[in-house]
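Trainee: I am new to this structure. Can we go through the labels and what stands behind each one?

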Amino acid sequence: MRNNKVLFIAQGAIIAALYVALTHVSNLAGLASGVIQIRLSEALTILPVFTPAAIPGLFIGCLLSNLTTGCIPWDIFGGSMATLLGAIGTYLLRKYPYTGSIPPVVTNTVIVPFVLAYAYQFEGTIPYFMLTVGIGEIICCGVLGTLLMAALRKQKNLIRWATFR
């Protein structure tokens, strides 16, 4: 029983660290925040298909990323909540793994535009921000996340996930 808790915490911590590292790579390219966002770390939002430890890992990783990349409090809270809700949705759809990228795309496409419009007061409309954020999420979650999932499923004998399916 104790080993399962340790494994859960270790997996969550590794996922959080990967999320932070990949967000900082995207930030160096100027793509981690703003109207057009292509966070490579969002590809990791497919991981709740494999382990529930990804849910707190993604949330904490997003929270830390938003704190360390200079986001304002509303973005730290709103963006992290969007990631948490998306991760929970992905976990709930784990029996249909290729639908797992839908929840993070939807939650970010709905929540983040309001943060951009009202917290940052960027020029543009909510539908425009939904379009730009949605495209970035489809690229990262939909395309890169699905590729990551396919690669992990092929290597399942090398990776010891607690609930690998």
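Mentor: Start with a definition. Axes are lines fitted to C-alpha atoms, for helices over the stretch in contact, and angles run from 0 to 180 degrees between N-to-C directions. Keep in mind that this is a predicted model.

Trainee: At what angle do helix 3 and helix 4 pack?

Mentor: The angle is about 170 degrees, and the two axes are 8 Å apart.

Trainee: Why is helix 3 called roughly antiparallel to helix 4?

Mentor: Angles over 145 degrees count as roughly antiparallel. Helix 3 and helix 4 pack at about 170 degrees. Therefore helix 3 is roughly antiparallel to helix 4.

Trainee: Which residues meet there, in helix 3 and in helix 4?

Mentor: From helix 3 they include W74, G78, G79, A82 and G86. From helix 4 they include P103, P104, I111 and A119. The contact residues divide into eight nonpolar, eight polar and one charged.

Trainee: What makes helix 2 roughly antiparallel to helix 3?

Mentor: Helix 2 covers residues 54-68 and helix 3 covers residues 73-92. They pack at about 160 degrees, with axes 9 Å apart. The cut-off is over 145 degrees. So helix 2 is roughly antiparallel to helix 3.

Trainee: Is the crossing of helix 2 and helix 3 left-handed or right-handed?

Mentor: The crossing of helix 2 and helix 3 is right-handed. Among the residues making the contact are I55, L58 and F59 of helix 2, and I76, M81 and Y91 of helix 3. The contact of helix 2 with helix 3 divides into 12 nonpolar residues, four polar and one charged.

Trainee: Why is Q121 called exposed?

Mentor: Exposed means over 50% relative accessible area. Q121 has 62%, so Q121 is exposed. Q121 is found in the loop between helix 4 and helix 5.

Trainee: What is phi of Q121?

Mentor: Phi of Q121 is near 55 degrees, a positive value in a residue other than glycine.

Trainee: Why is L144 called partly exposed?

Mentor: Buried means under 20%, exposed means over 50%, and partly exposed lies in between. L144 has a relative accessible area of 33%, so L144 is partly exposed.

Trainee: Where does L144 lie, and with which residues is L144 in contact, leaving aside neighbours within four places in sequence?

Mentor: L144 lies in helix 5, residues 126-154. Leaving those neighbours aside, L144 is in contact with L40, A43 and I139.

Trainee: What separates the C-alpha atoms of L144 and A117?

Mentor: They are separated by 27 Å, and the two residues are 27 residues apart along the chain.

Key. Residues numbered from 1 in each chain as written. Predicted model: local features only at pLDDT ≥ 70, side-chain atom pairs only at ≥ 80, totals over all residues. Heavy atoms only, no water. Helix = DSSP H or I, 4+ residues; strand = E, 2+ residues; numbered from the N terminus. Parallel < 35°, antiparallel > 145°, perpendicular 65-115°, else oblique. Left-handed = near helix turned anticlockwise from the far one by under 90°. Contact = heavy atoms within 4.5 Å. Nonpolar A, V, L, I, M, F, W, Y, C, P; charged D, E, K, R; others polar. Buried < 20%, exposed > 50% of the residue type's maximum accessible area, 1.4 Å probe, protein only.
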